[in-house]
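Hi,

Here is the structure I said I would pass on. Have a look at it first, and my notes follow below.

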Amino acid sequence: MGQWNGAELDDLVLTSARLVLRPWQESDAAAITALMADPPMLTFVPFPNPYTHDDAVRYITEVAMVGRASGSAIDCALIERGSGEVVGAAGLRAPGARTNAAEIGYWVGTVSQGNGYASEAARSLAAWAFERGGVTRAEIRCAVGNVASAKVALNAGFRFEGILRGDAVTPDGPADDAVFGRIATDRGDSIPPALPRLPAGGITDGVLLLRTLTRADAPALIEQLTNPEAVRWQFNDSVASDPTITEQAARSELEWLVGPLGRLTIVEVASGDVVGTMVLRNVGPPQIANLGYGVLPAYRGRGYTSRALRLLTEWAFGPGDFARLELGTKPGNVASQRSASAGGFGFDGIRDSRLRNRDGTFSDEVRYAMVNPRYKSTGTRRATSVSRST
């Protein structure tokens, strides 16, 4: 009989408000096979494809039962208490020889997704790991493109801790892994998204559409960041490689959840063409964001940058609930400055020697800003001086 920290695992059953987490039985193979018949279930995890009844039996008898018998894992069928139906799976892996972390994994059938079942199961397993399993840390890992799994981790109180490049095994090959963690002393409260989400279909004024940038937009992002005009005015020493930019695109949807930035794609409604990209950085005080933007060379001169700025501002000062938007350019980047002004941004001063040039020198930064009328300060401004002791 398998044991984990003295607890017998063979017949271990956990319960939560809506679920029973019990050992798998061979009779569950038909339910697993039916759930895995839905193609989206096989997108991020390298399960057999197509997934057969024999595959389900092998999982139950050669993985789930063996893990409990050896004391190395607790694999559970997720049973909906109201219906008694299998709605998914969740498991807890014991720490290895060189780690204190137990790893939690889960999946829920498509028809039952959106009910919070995976988060509920993850919370139950984490509680058992801390209270009975003797572990000090639990973690959840998912491919960076698996946004649904990342949402589960945050809802279960797991903090985003970073990315392990090339660590995930997916049906399409290696991918970056997002790592979420909890330690025993964490409160475990659900963690809200770092940035307010755009509507599912994006935001539009009938001419342009702004939507969340996705992995499929990598070619447009590459063109935007590597064209000669963009390189001329960039703030970095070197031009990012195509693979690096592709990684940025792959992480875009995750970053809307965990921060510190949200990338957007600018789409021309009439043609459906991607005409540029934007980025919203939430790296300063709360509800303050810095903007970056660029339009692809073939679409410049049509007023798309200023139109996109106005469209984004309308959302940011409404549903997005930002108090202030800021942006900056190098003094010679007159086109960007004109776009900022035409987009409704006002001159906000100059910061000396703030933006690095490719030759190692620094340029001043010309600043622009716009304040949400709801948060506009009504206090009296006055000049102050600060003395510094030496």
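Predicted model: local features only at pLDDT ≥ 70, side-chain atom pairs only at ≥ 80, totals over all residues.

Let's start with α5 and α7. On that definition, A218, L221, I222, L225 and T226 of α5 meet D242, I245, T246, Q248 and A249 of α7. By type, the residues of this contact divide into six nonpolar, three polar and one charged. Helix α5 covers residues 218–226 and helix α7 covers 242–250; their axes are 9 Å apart and the packing angle is about 125°. Angles of 65 to 115 degrees would count as roughly perpendicular and those over 145 as roughly antiparallel, so α5 and α7 are oblique to each other. The crossing of α5 past α7 is right-handed.

What is buried in α5? The residues are A218, A220, L221, I222 and Q224. Their cover includes α7, α6 (228–233) and the strands β13, β14 and β15.

From the α7 side, Q248 is worth a click. This residue of helix α7 has a relative accessibility of 17%, and because the cut-off for buried is under 20%, Q248 counts as buried. Setting aside residues up to four places away in sequence, Q248 touches L221, L225, E255 and R263. Of these, L221 and L225 belong to the α5 side of the helix contact, while R263 is one of the residues of β13.

That brings us to the sheet. It is an open one of eight strands, with mixed pairing, in the order β11-β12-β13-β14-β15-β16-β18-β17. At the edges are β11 (203–204) and β17 (346–356), each of which pairs on one side only. Going in from the β11 edge:

- β11 and β12 (residues 208–212) are antiparallel, paired over two bridges; T204 has L209 of β12 as its bridge partner.
- β12 and β13 are also antiparallel, joined by five bridges, with T212 opposite L264 of β13.
- β13 and β14 run antiparallel too, with seven bridges between them, and G262 stands opposite L280 of β14.

How much of β13 is buried? Eight of its eight residues are, so to speak, under cover. Side chains in a regular strand alternate between the two faces of the sheet. In β13, L261, R263, T265 and V267 point one way and G262, L264, I266 and E268 the other way, and all are buried.

Helix α9 (residues 304–316) lies across β11, β12, β13 (261–268), β14 (274–281), β15 (288–295), β16 (324–329) and β18 (362–371), and runs at about 60° to β12. Helix α10 (residues 334–342) lies across β15, β16 and β18, at about 10° to β18.

Some backbone details to check while you have the model open. There is a cis peptide bond between N49 and P50, with omega at about 5°; P50 sits in the loop between α1 (29–36) and α2 (53–70). Another cis peptide bond runs from G259 to P260, with omega near 0°, and P260 is in the loop that leads from α8 (252–258) to β13.

Positive phi also turns up in residues other than glycine. Q287 has phi near 65° and is placed in the loop between β14 and β15; at 32% relative accessibility, Q287 counts as partly exposed. S353 has phi near 45° and lies in strand β17, where at 49% relative accessibility S353 counts as partly exposed.

Buried or partly exposed? G166 counts as partly exposed, at 41% relative accessibility. Apart from neighbours within four places in sequence, G166 is in contact with P174, A175 and D176. From G166 to V275, the C-alpha to C-alpha distance is 30 Å, and the two are 109 residues apart in sequence.

Cheers

How values were computed. Residues numbered from 1 in each chain as written. Heavy atoms only, no water. Axes fitted to C-alpha atoms, helices over the stretch in contact; angles between N-to-C directions. Helix = DSSP H or I, 4+ residues; strand = E, 2+ residues; numbered from the N terminus. Parallel < 35°, antiparallel > 145°, perpendicular 65-115°, else oblique. Left-handed = near helix turned anticlockwise from the far one by under 90°. Contact = heavy atoms within 4.5 Å. Nonpolar A, V, L, I, M, F, W, Y, C, P; charged D, E, K, R; others polar. Pairing = 2+ DSSP bridges. Buried < 20%, exposed > 50% of the residue type's maximum accessible area, 1.4 Å probe, protein only.
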